[in-house]
Amino acid sequence: MTTMPPLVTTDQQPSGTTARKAPPAWAVMLAVCAGQFLVVLDVSVVNVAMPSMRSSLGLSELGLQWVVNAYVITFAGFLMLGGRAADLFGRKRVFLVGLGLFTAASLGGGLAQEAWQLIAARTVQGVGAAVLAPATLTILTTSFPQGPARTRAVATWTAVGAGGGAAGGLVGGLLTQFLSWRWVLLINVPIGALVLAGAAFCLSESRQEGRRRLDVPGALLVTGGLALVAYGIVQTGERGWTAAGALLPLLAGLLVLGVFVAVEARSDAPLMPLTVFRPRSVWATTSAMIVVGAGMFSMWYFLSLYTQNVLGYTALQAGLAFIPHSFSIVLGSKAAPRLMALPRIGAKTVAVAGVLLAAGGMAWQSAMGVHGTYLGTILGPGIMMSLGAGLSATPIASICTAGAAAGDAGLVSGLINTSRQMGGALGLSVLSTVAAGVAGSGRVALADGYALAFRVAAVVLLAGVLLMLCSLPGRESPQGREKDGGQGSGQDGAGGAAQA
């Protein structure tokens, strides 16, 4: 079960790189693809395990959504910092640190005995994933020469990422059904240990020359601000919009995000240079991706809860039910470049069509009820939503990078991924609050709450369509494509890192 397809990546080795003798090509591919597979798999694999986690640890509705949001928010907040760290301190070193942190956090989450321990482990997992994911692609692009060899390598990396997302629902269902929900996290430990040993032995180190300076305050501020805003949104559902317990974290989060902007404006080595937003294509696409991510990200979350809490599916049945959805999102992502290349269509048309298709699927899905069936309630709207998600992501990224300066291509690709994760985290907070606000108890109330969440998500996506129609440039210019022809900024590893 995958949430979003891999995005377009840069394909030129960063300048100023120092490297020793290249390791065997097959060893590099195996190591980086295994790392990427773990990162992507861990986003989707937990969805079908949610009901089991809740009953085992006594998680509240708030706690349940933070099992997802803790990972997503820290992943988004530290993603670009992880990409920069790999360039400055060594791609192999950062790869090993990120994978080690991710593996240790997986062990902690699998052994958690309290809800807070699981959420804390997922938070650390998100940091580890943000450090690991950019390094996987950067190692790949600096290990293969530009041309067909690198193209094939990046295509393999992309396919593995898509496969990890698609396999998540089925793997999570199998592990939860026949072992325990704990194994959706514990399975990372032996795999992570094997990859660590192999990567330490077969990968060679490389990094960029220059000052080793990271904008750690920026990463902490943006992550903390997002977490406070998300927490405040959730509290409004329990206490109301006028309660101090909701308003104070909301205002504090907005204040922290404002401080983040101020710090970035004054930093000598900012995590997110504000000048990158000058082109219309960049600020328009990142804004659109926040809105689209807010509407699309949580569909797997609510579908997993609906199938198990309302329709009575087992975890395995839920995982199997989402296989057509997973194939549909991969199909949409593969079809998008071909449609974009057709005369008189272009990226904007494909992006708008994809979001409209997803919005239609959301509206259709909102007809779900307590007596829903797989063929009548889940299959059709799920395929429609997934195709729309697959069609929309690549053209939005293409528009963004086509308008960026040559040295900023990797940076703006990372911004697209970060914007999608941020939007997804905030969207999940809002929609979970909406779903929980439906009065009543039992399966009927749950079904009505999930249906309302999909209805609101459809409205959010329609707002995203309006934003895209008003702000996105009509077509990328040939000059823009040439300018973006695979040149990175040293943060190119962040560009395709997030498939969650």
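So, is Tyr301 buried or exposed? Tyr301 is buried, with a relative accessible area of 4%. Keep in mind that this is a predicted model. Phe302 also counts as buried, at 3% relative accessibility.

Okay, on to the rings. A search of the whole structure turns up five aromatic pairs. Let me start with Tyr71 and Phe75. Their ring centres are 6.1 Å apart and the planes sit at 10°, so this pair is stacked. Both residues belong to helix α3, which covers residues 61-89, and they're four residues apart, about one turn of the helix. Tyr71 and Phe75 are buried too.

Now back to where I began. For Tyr301 and Phe302, the centres lie 5.2 Å apart and the planes make 85°; with over 60 degrees counting as edge-to-face, that's why the pair gets that label.

In soluble globular proteins, nonpolar side chains tend to be buried together. Here, the largest nonpolar core has 122 residues. Which residues have the most contacts inside it? Those are Met50, Met53, Leu118 and Met468. As for helices, α3 gives the most to this core, with 16 residues.

Key
Residues are numbered from 1 along each chain as its sequence is written. This is a predicted model: local features need pLDDT of at least 70, side-chain atom pairs count only at pLDDT 80 or more; totals for chains, interfaces and linings use all residues. Side-chain values use heavy atoms; hydrogens and water are left out. Rings of Phe, Tyr and Trp (its six-membered ring) pair if their centres lie within 6.5 Å; planes under 30 degrees apart count as stacked, over 60 as edge-to-face and the rest as tilted. Helices (H or I, at least four residues) and strands (E, at least two) are DSSP runs, numbered from the N terminus. Buried means under 20% relative accessible area, exposed over 50%, partly exposed in between (1.4 Å probe, protein chains only). A nonpolar core is a set of buried Ala, Val, Leu, Ile, Met, Phe, Trp, Tyr and Cys residues joined through side-chain atoms within 4.5 Å.
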